[in-house]
Amino acid sequence: MKRRSSKLSKLSISSKFILRTCLVLCIVLIFISFRYKEAFHPVKTFAGNLITPMQKGLNTVGNYIADKLDAFQDIKQLASEKERLEKEVENLKASNISLVKDQYELDSLRALYSVGEKYADYPKVAAHVTSKDSNSYYNIFTIDKGTNDGIEVDMNVLAGNGLCGIVIEVGKNYARVRSIIDDASYVSGMFLKTSDTCDVKGDLKLLDSGYILVEAISTDAKIDENYEVVTSLISDKYLPGILIGFISNIELDSSNMTKRAYLTPVVDFEHLEEVLVITKLKEPLEELSEKDISDRILEQAASLNDTNRATVSEQLNSSLSSKNKVASILNQISKLSKEDQIALKEQLDALLNSESRDENTP
């Protein structure tokens with residue numbers, strides 16, 4: 001065994017020797033092929049016919065493998081790109097939701113600012129709606145402001161483009177509001193163009209059609225579709241001149257003594273987030289002295305728009321009682337021009353002084 005292994009070791013040829021031998025052989029064959037082209041032509045043809053199909057097959061297999069590798073690489077890159085794009089889409093969705101929310105809040109604040117500017121003469125406090133009763137409308141809801149912020153019961157609440165409701169309950173840091181759509185709500189209204197009075201009543205069932213009810217309209221009232229209804233000057237709790245909505249479907253009521261109509265509120269009572277609370281209470285007229293009545297009327301008139309105003313001399317000289325005269329004057333005050341206000345004050349003073357003298361006469 002030892003002898004055989006020793007013979008094999010002696011017969012082993014190094015790899016370098018084989019490489020050099022092959023290299024020399026190739027050089028010699030190249031030289032011969034160029035030197036004796038014609039003689040080696042059959043050999044070259046035979047070799048080409050033998051090797052070309054094998055080369056084509058190898059190329060086909062190689063190209064197939066290369067294509068598969070490229071496709072695999074593309075799939076891998078596409079998967080990575082898809083994952084990156086999905087993350088980017090999620091980030092964009094989150095950003096879009098945030099932008100939509102910001103835009104909605106901005107629009108809501110702009111609307112709140114607009115209604116605040118519309119009633120700039122009244123002091124106001126902004127509040128967020130924190131909860132509501134269990135139905136689709138904000139007929140009774142809670143806000144995050146209370147007595148610590150100067151909120152009191154019977155303060156008027158604004159939203160959208162006009163009157164939203166009135167405060168019915170107050171805590172230190174919260175308040176509950178009854179909106180004008182609630183079944184228990186009653187607002188003394190007035191048509192802005194004609195000063196005819198009416199009663200605006202909440203009706204949740206009717207609100208499903210987008211309306212609330214307007215009653216007690218005089219049959220002589222010259223009103224038409226889409227007339228504006230605002231809070232009346234003789235309302236006991238609501239400040240004057242606040243827009244409530246627009247009327248439609250005017251008709252005689254069942255008694256044929258008065259008219260009734262539907263009113264479309266200017267507030268969206270399905271979507272309320274922010275409101276304005278007017279931190280000023282309506283002073284009951286009966287608590288004012290006769291000396292302050294005319295000044296009080298002029299103060300209320302200053303809170304109204306200057307459009308479509310006219311004199312109220314006929315109301316002052318009518319054959320009504322003193323209390324009814326004041327009510328009629330309040331109903332017509334929205335038609336006064338600024339120039340007529342001085343004359344009105346003088347006429348009121350004269351009227352009250354004459355009645356005072358009549359009462360003192362034995």
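**Reading a predicted fold**

Modeller: Residues 24 or more positions apart account for 63% of the contacts in the protein with a separation of 6 or more. Contact means heavy atoms within 4.5 Å. The model is predicted: local features need pLDDT of at least 70, side-chain atom pairs count only at pLDDT 80 or more, and totals for chains, interfaces and linings use all residues. Residues are numbered from 1 along each chain as its sequence is written, and side-chain values use heavy atoms, with hydrogens and water left out.

Biologist: How many helices and strands does the protein have?

Modeller: Helices (H or I, at least four residues) and strands (E, at least two) are DSSP runs, numbered from the N terminus. Here there are eight helices and twelve strands.

Biologist: In what order do the six strands close into a barrel?

Modeller: Two strands pair if DSSP finds at least two bridges between them. The order is β1-β2-β5-β4-β3-β12, with antiparallel pairing. On average, neighbouring strands of this sheet are turned by 45° against each other, direction ignored. Axes for such angles are lines fitted to C-alpha atoms, for helices over the stretch in contact; angles run from 0 to 180 degrees between N-to-C directions.

Biologist: Over how many bridges do β1 and β12 pair?

Modeller: Five, linking β1 (residues 124-132) with β12 (residues 274-278) in the antiparallel sense. His128 stands opposite Glu274 in β12.

Biologist: Is Ile65 buried, partly exposed or exposed?

Modeller: Buried means under 20% relative accessible area, exposed over 50%, partly exposed in between (1.4 Å probe, protein chains only). Ile65 has 44%, so Ile65 is partly exposed. Ile65 lies in helix α3 (residues 37-118). Across the protein, buried residues make up 33% of the 362 residues.
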